[in-house]
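Please read this briefing beside the sequence and the 3D view.

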Amino acid sequence: MIFRQLFEQESSTYTYLIACEETRKAALIDTVKSEVSQYIQLLHELNLTLAYTLDTHTHADHITGAGELRDLTGCTTLLGEEAHSACVSQALHDGEKISVGKLTLTALYTPGHTDDSYTFHLIDGIEQYLFTGDTLLIRGTGRTDFQNGSAQDQYQSLFGKLLLLPETTWVYPGHDYKGWTRSTIGEEKAHNPRLQVKHMQAYVDLMNNLKLPNPTLMDIAVPANRACGQN
Ligand SMILES: [Fe+2]
């Protein structure tokens with residue numbers, strides 16, 4: 001597998017490039033519009049064809065590059081069906097498999113941060129990877145106080161789904177604000193302060209008392225992203 005973790009400084013967003021070495025087909029997860037020319041250059045340099053862009057959810061803090069990448073490369077753009085986005089090529093549902101050459105990504109519906117949040121699960125040989133978007137961050141979890149977020153749903157997505165995967169599973173989040181790049185399920189279970197709760201109500205109380213300001217780009221980014229970044 002060809003794998004790159006790319007970083008956009010303004011919103012501290014991670015974008016992931018995964019590609020099949022044999023077929024040279026590639027997918028980009030959580031692209032940022034301002035970085036599109038950099039992605040195109042990297043795809044070209046690595047001799048890859050972009051088959052898909054995937055968004056883990058409708059972002060409130062940056063504008064997706066999906067629409068522009070589709071115009072430039074003819075790739076298929078994917079986003080969860082709950083987003084009700086008219087412009088995506090294909091709406092994802094829970095359990096859907098996405099083939100990128102010989103690699104397979106499985107879309108896991110993990111609502112909570114938003115009601116359209118998905119985590120992408122990839123098994124490559126003995127390694128497992130999770131691209132968690134804002135559902136599970138390194139030593140944190142995505143806020144649940146807007147965009148139809150729900151702390152109850154997020155608890156279920158975490159404790160009923162993601163944390164049940166093998167402890168060695170790599171966790172690659174949608175953002176990091178401190179410079180952490182990756183973690184594992186085992187490490188997060190042991191050290192993520194949000195995951196040390198004893199039951200759902202304790203998690204709901206914790207999340208409902210964060211009192212965070214709205215992201216600065218929220219009013220622009222959410223409608224723009226519903227239009228695949230092209231409004
Ligand atoms: Fe988000």
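Is Tyr118 buried or exposed? Tyr118 is buried, with a relative accessible area of 1%, where buried means under 20%, exposed over 50% and partly exposed in between, for a 1.4 Å probe and protein chains only. This is a predicted model, in which local features need pLDDT of at least 70 and side-chain atom pairs count only at pLDDT 80 or more, while totals for chains, interfaces and linings use all residues. Residues are numbered from 1 along each chain as its sequence is written, and side-chain values use heavy atoms, with hydrogens and water left out.

**Aromatic rings**
- A search of the whole structure finds 13 aromatic pairs, a pair being two rings of Phe, Tyr or Trp (its six-membered ring) with centres within 6.5 Å, stacked if the planes are under 30 degrees apart, edge-to-face if over 60 and tilted otherwise.
- Tyr109 and Tyr118 form a tilted pair, at 5.1 Å centre to centre with 40° between the planes.
- Ring pairs also join Phe3, Phe7, Tyr14, Tyr16, Tyr129, Phe131 and Tyr172 into a cluster.

**Charges over rings**
- The charged end of Arg182 sits over the ring of Trp170, 3.7 Å from its centre, the criterion being NZ of Lys or CZ of Arg within 6 Å of the ring centre and within 35 degrees of the ring normal.
- Arg139 lies over the face of Trp180, at 5.1 Å from the ring centre.

**Sheet**
- Six strands form an open sheet with mixed pairing, in the order S1-S2-S3-S4-S5-S6; strands are DSSP runs (E, at least two residues) numbered from the N terminus, and two of them pair if DSSP finds at least two bridges between them.
- The edge strands, S1 (2–8) and S6 (90–92), each pair on one side only.

Methods. Helix = DSSP H or I, 4+ residues; strand = E, 2+ residues; numbered from the N terminus.
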